[in-house]
Amino acid sequence: MDFYHLPLSAPCQSVRLVAKALGIHLNLKELDLLKGEHLKPEFVKINPQHTIPTLVDNDFVLWESRAISTYLCEKYGKNDGLYPKDPKKRALVNQRLYFDMGTLFHRFSKAYFPVMVQGNELNPDDVVKLDEALEFLEVFLDKTAFAAGDKLTVADLSLLATITTIDVTAGHDLSKYPNIERWYAHLKESVVGYHEICVEGANIFRQAFKPIRK
C-alpha cells in the first residue's frame, strides 16, 4: 500500500500508528506541501482534493486520516480490538474520532498554525477555546483508562498524535489536566512506534516553524 504523507502532520502520524499496531507495511511517499508537491497533476489524479494523508490500496484510494485508520482496522485487523464491532462501543470510538478532528485538532490548528506558520500574534480567545476542548477530553478520561473505554482503540491513537503535537510543537500547558497527563504518559510508553513517528514528527514541525513557548 502506498501512503502519501508528511512526517510532521499529526493526522498522518496517527495512520502510521494504526498500521504499526496492525502489523501493516506502508510504502511511505512523502509529499512536501510547502513545495506544492500535492498539487502536481499525478497526485491530483489520485486525490482530486489533493490532501494528505492519502492511502492507495491496489485500486482503492482513500483520504482523511480517520477514515483511513478505520478502513485499515476493518480490512486488515485480526480482531476488532482497535475498532470494536459492537454498535455502541464503535459509536463511542467514532464520536471520539470526530471530536479529535472537528474540535480538538481544529481548535489547536486555529490557535497555533497562524502563529507558527505565518508569524501572527497568538489570539487569547483561540487559546481559551483550545483549553475548553482539552477540558472535554479530560472529562472523557475521567472514568476510563482510554479515550473510548477500557481498551486502546483507534481513537486513542488519533488523539495521541494530536496531543503530542500540542505538547511538543506548541508547548501548550497540559499540567492542568491530570487525566490527560496520566493517559498521555501511559501511551507514550506503550504504543508501538510512538517515538519514531509522533515525537520525531512533532520535532520536525517545531524546528521547521516558529516554536511557541509561553
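Asp2 stands opposite Val56 in E3. This is a predicted model, in which local features need pLDDT of at least 70 and side-chain atom pairs count only at pLDDT 80 or more, while totals for chains, interfaces and linings use all residues. Residues are numbered from 1 along each chain as its sequence is written, and side-chain values use heavy atoms, with hydrogens and water left out.

Strand E1 (residues 2-5) pairs with strand E3 (residues 54-57) in the antiparallel sense over three bridges, where pairing requires that DSSP finds at least two bridges between two strands; strands (E, at least two residues) and helices (H or I, at least four) are DSSP runs numbered from the N terminus. The open sheet has four strands in the order E2-E1-E3-E4, with mixed pairing. Strand E2 (27-30) and strand E4 (60-63) stand at the edges with a single partner strand each, so one side of each lacks a neighbour in the sheet.

Helix H1 (residues 10-22) and helix H8 (residues 194-208) pack with their axes 9 Å apart and at an angle of about 175°, where axes are lines fitted to C-alpha atoms, for helices over the stretch in contact, and angles run from 0 to 180 degrees between N-to-C directions. H1 is therefore roughly antiparallel to H8, a term for angles over 145 degrees. To the contact (heavy atoms within 4.5 Å), H1 contributes Gln13, Arg16, Leu17 and Lys20, and H8 contributes Tyr194, Glu196, Ile197, Cys198, Gly201 and Ala202.

Technical notes. Angles under 35 degrees count as roughly parallel, over 145 as roughly antiparallel, 65 to 115 as roughly perpendicular and the rest as oblique.
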